[in-house]
Amino acid sequence: MVVQQQRTARADPQDELAARLRLLQELSGRGVRALARDTGLSSSSLSRYLGGQTVPPWPAVLALCRLVKRDPRPLRPLWERASNPLPAPPKTSRQVQPPSPPSGAPRPPRNDLPRDVPDFTGREDELAAVLDAVAGSRVVAVDGMAGVGKTCLAVHAAYRLAGDHPDAQLYLDLHGFTEGREPLDPDTALRALLAALDVPSEKVPQEGGVEPLAACWRSELAGRRAVVVLDNAADAEQVRPLLPGAGPSVALITSRNRLLGLDEVPPVSLDVLSPAESAELLARASGEAASGGRLAREPEAAAEVLRLCGHLPLALRLAAARLRHRPGWTVGILVERMAEGSGEFDTAFAMSVRQLDRAQRRLFRLLGELPGSSFDEYVAAALADVPPRTARAMLEDLVDAHLVQQPAAGRYRLHDLVRQHARRAAAEQDPPAERERALARVLGYYVHAAAAADAAMPFPAGSRTASAGPAPAEVPRFADKNAALAWFGAEYGNLMAAFHAAVAAGADAHVCELPRFMRAYFARRCGTTHLNALFERSVDAARRLGDPLWLAEAHSDLGFARYNAGRMAEAGAAYEAAEPLVSVAGDVLSQAELTIRRGYLMWDEGHVEEPLELFRTAGRLYEAAGCPMGAAHATAYEAWALLQLGHREDAARLARKALDVPHSDPAWPPALTARITLGVAIAREEPGEAVRYLHEALDMARDDGHKHNEAWCLNCLGVALRRMGRYEEALDAHRRAFALLDELFEEHWKIHYLNGYGETCRLAGRPEEALRLHRRALELAPEVGYRHEEALAHAGIAAVLDGTDPAAAAEHRAAAEAVLRDLSPGPAPAAR
C-alpha cells in the first residue's frame with residue numbers, strides 16, 4: 001500500500017541541511033552535549049549547525065552520519081549548495097512554510113489559540129515575567145489555583161509572541177484537573193500536536209513508546225517558529241516529553257501545581273488579583289467602567305462582590321455578566337443573589353445559572369457530561385436532542401453568561417470549574433437514565449459524523465453507512481476530503497474521548513464502528529499505533545455482540561492495521577480469524593475487502609501466484625457488491641503485479657480497464673496505480689503516451705503531498721525512460737526518487753526501487769554501480785521479508801556478471817530460480 005507524505009517546502013539549502021542534521025540527531029537519541037561528545041564536536045558549534053546559523057564543515061557532517069550509520073553521500077549536494085549559496089535578498093528570519101493543501105493554495109499557519117479576552121486586566125508584572133522567561137529559556141510554567149487566570153495570561157502572552165513565531169500557534173488542553181476525564185497521556189498529546197502540524201503518518205514513529213514520538217515532535221518544532229500553549233498540566237512527567245528542543249519555538253505551560261520536576265523551566269506563580277485589579281476587571285467586564293455607574297454609586301456593595309468572588313478573575317467575570325445583562329439591578333441586588341451560594345465559585349456559578357431559562361439550564365448541566373474538550377453546535381444539538389439552530393442560540397446565551405467559553409468561531413468549551421459545577425448539578429437534578437440517553441446521542445453523533453467525513457475521503461474499499469445508535473438530526477456537510485480532514489483534525493481528541501466513553505459505557509456497537517470510519521484519517525495523519533489499539537477493543541466488543549459480520553470486520557480491520565504497522569505475522573493471524581467468519585456472514589463487500597488485504601500481505605511476503613488470484617477474486621467480489629472503486633483498485637493492483645512479473649501487455653490491458661471506470665474525483669485512488677503501471681508497460685511501444693501517464697501520476701502524487709508516492713512515480717519514470725533508451729534521463733529520475741527517500745531516511749523503502757535502478761545503471765554502461773545496487777537489494781530483501789526482490793537481485797547480479805564472470809553469474813541465476821521455486825512455480829523474474 002502506498003503511504004501519504006505531506007511535503008514541506010524548504011527554499012533555503014542552509015535551512016534544509018540543518019533540518020536533515022536534526023533528523024540525524026533524533027536518530028541518535030542524544031542531546032546536544034552527548035552528541036557533541038560522541039562526535040568530537042564542540043556543543044556550541046553543534047548547536048549552531050543544528051539551528052541553521054552556520055553551515056558545518058564537511059567532516060562534521062561525516063561525523064554525524066557515521067555515528068548513526070547513515071550514508072553521507074546524499075547530503076553532499078545539499079551541503080555544497082548551502083556552502084555556496086546563490087545571491088538572495090536578505091531575510092529577517094528563516095521560516096519553514098507549512099505544507100500546501102492538495103488544491104495548491106497556500107495553507108495558512110495553524111492557529112489553535114483560544115480568543116484573547118478583550119478585558120484582560122492587570123498582571124503587568126506577571127506578563128513581563130512570562131515574556132522574560134520565554135526570551136531566556138523558551139519555556140515557562142504558569143501555576144496558580146483554579147480560576148486565577150492562568151490560561152488567560154498564557155494565551156494573552158502567546159498572542160504577544162505570535163508575531164515572532166508565525167509558523168504555528170498551537171493550544172492543547174492536557175486535562176490535568178478536568179473532572180470526569182483522565183489527564184491526556186503524553187503519547188496521545190504528542191500525536192495530537194504532530195497532527196496539528198500536518199506531519200504525515202509515515203514520519204510519525206509507530207513503535208518504541210513516547211521517546212521516539214517526542215524526538216519527532218522536537219525535530220518538527222526545530223525547523224519552525226511556533227508558540228505552543230500546554231494548558232492544564234497535571235505534573236512534570238506529563239509535560240516533559242512535549243517541550244521543544246533545539247530551535248526557536250517556545251512553549252507556555254499552565255498547571256494548578258508547581259511543576260517542581262522541571263528544574264530547567266522558570267516558574268511564574270499567579271495569586272488572586274489585587275483589590276484594585278479586581279475592581280477594574282469587574283468594572284470593565286460589566287460595562288460599568290465609566291464614572292458615575294452603579295459600582296461607583298454603591299462602593300460598599302461593590303467591595304462585597306469582590307469579596308464574594310474571592311478576587312478570582314473567572315468568578316468576577318461571571319458576576320459582571322449578570323450585572324451587565326440586568327440594567328435594572330442595583331449592586332446590592334447582585335450581592336443578595338450571590339450570597340445565596342456556598343462559596344466563591346458556587347456563588348457566581350449558581351447565580352449565573354439561575355438567570356437561565358429551563359432549556360438553557362438543562363443544556364448547561366448536560367454539557368458537563370460531554371466527553372472531550374471543545375465542541376460545536378452539532379454536538380450540543382445531539383446532547384440536548386434539539387435542532388442545531390436551537391443549540392447554537394442557547395450556546396450564545398451561555399457565552400453571554402460567561403458559563404461557556406468560545407475559543408474560536410463555532411467552537412465552545414467549559415472551564416474545568418464550570419464543568420465541575422455542571423456535573424454536580426446534573427447528578428443532583430437529572431435522572432441517571434436521562435444522562436445515559438444524552439451520552440448515547442453524543443456517541444451516535446460522533447459515529448455518524450465520522451462516517452460522513454470518511455465518505456468524503458475516497459477509500460478503495462468503499463464506505464459503509466453508520467448503524468450504531470439513531471442518526472442525529474444533522475451532521476456537518478463535507479464538500480471534499482480537505483474539509484473532512486480539517487474536521488477530523490479539529491475533532492480528533494473528542495473522537496478519542498468518545499471512543500473511550502463508549503468502551504466505559506459498554507456501547508459495543510459504537511466501539512465497533514467508530515474506528516472503521518477513522519481509517520482513512522489515521523492513514524493520512526495519525527499512523528497505526530492508536531488504530532491498532534482501537535481495533536483491539538473493537539474485536540472484544542464484536543465478540544460481546546455475537547454478530548459474525550461485525551466480528552469478521554473487526555478482525556479484518558485489526559489485520560490491516562497490523563499490516564500497515566509492519567507486523568506481518570500478526571496481520572496474517574487476524575486475517576485467518578476473519579476468513580471463516582466472513583464466509584458465515586455472507587457479506588460480499590467484507591469478503592472483497594478481506595481478499596484484497598490478504599493479497600497485499602502475500603505479495604509483500606514474496607508470493608506470486610496466490611496474490612494475483614486474490615486480486616482477481618477481490619475484483620469480482622467488489623463488482624458483485626456494487627463497489628466500482630474497489631473493483632478498479634483490485635484491477636490496478638493485479639496489473640501492477642503482472643508488470644513486476646514481466647507480463648507487460650496484460651498489465652497494460654488491465655491498467656486501461658481500471659482507468660476506464662467512470663469517476664469524478666481527480667485524486668481517485670486506483671488512478672495513480674493504473675497510470676504508473678500503464679506508463680511503464682507501454683514505454684517501448686508508445687513512449688510519448690507512457691511519459692504522459694507517468695507525469696500525470698507524478699502530478700497527482702505531488703498535488704496530494706505523497707512523498708513516498710512521488711518517489712514511486714519517479715522510479716517508475718526512470719524504468720520507462722530506460723526502456724526507451726533515454727539512459728541519462730532515466731538515471732536522473734532514479735536519483736530524484738532516492739533523494740526523496742534519503743530525505744526521509746527511509747532505507748527499507750529502497751527495496752522497492754534498488755533493482756530497477758540497478759538495471760538502468762547496467763544498461764547505461766555503469767556495471768559497478770549496478771552491482772552495488774543489486775547487492776544492496778540482496779542484503780535488504782531478507783531483512784524486510786521481500787523474497788521476490790531477493791530473486792530480482794540475484795537475476796540482476798547475474799546479468800551484470802555474464803560478460804566477466806560466467807560461473808558467478810550462473811550461481812546467482814540458479815539462486816534466483818531457487819527463491820522463486822520456494823514462493824510458487826512460475827517463470828524467472830523479469831528485469832526491472
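Is Cys716 buried or exposed, and what is its relative accessible area?

Modeller: Keep in mind that this is a predicted model. Cys716 is buried, with a relative accessible area of 5%. As for a bonding partner, the closest cysteine sulfur belongs to Cys713, and at 7.1 Å that is too far for a bond, because a disulfide needs the two sulfur atoms within 2.5 Å. For the model, the count comes to 0 disulfides.

Now for the helix pair. Helix α29 covers residues 609–624 and helix α30 covers residues 628–644. The two pack with their axes 8 Å apart and at an angle of about 160°. Angles over 145 degrees count as roughly antiparallel, so that is how α29 and α30 run relative to each other. Their crossing is left-handed. On the α29 side, the residues that meet α30 are Leu612, Phe615, Arg616, Ala618, Gly619, Tyr622 and Glu623. From α30 come Gly630, Ala631, Ala634, Tyr637, Glu638, Ala641 and Leu642. Sorted by class, this contact between α29 and α30 has 9 nonpolar, 2 polar and 3 charged residues. Gly619 and Gly630 are among the residues in contact, and Gly counts as polar here.

Terms used:
Residues are numbered from 1 along each chain as its sequence is written. This is a predicted model: local features need pLDDT of at least 70, side-chain atom pairs count only at pLDDT 80 or more; totals for chains, interfaces and linings use all residues. Side-chain values use heavy atoms; hydrogens and water are left out. Buried means under 20% relative accessible area, exposed over 50%, partly exposed in between (1.4 Å probe, protein chains only). Axes are lines fitted to C-alpha atoms, for helices over the stretch in contact, and angles run from 0 to 180 degrees between N-to-C directions. Helices (H or I, at least four residues) and strands (E, at least two) are DSSP runs, numbered from the N terminus. Angles under 35 degrees count as roughly parallel, over 145 as roughly antiparallel, 65 to 115 as roughly perpendicular and the rest as oblique. A crossing is left-handed if the near helix is turned anticlockwise from the far one by less than a right angle, and right-handed if clockwise. Contact means heavy atoms within 4.5 Å.
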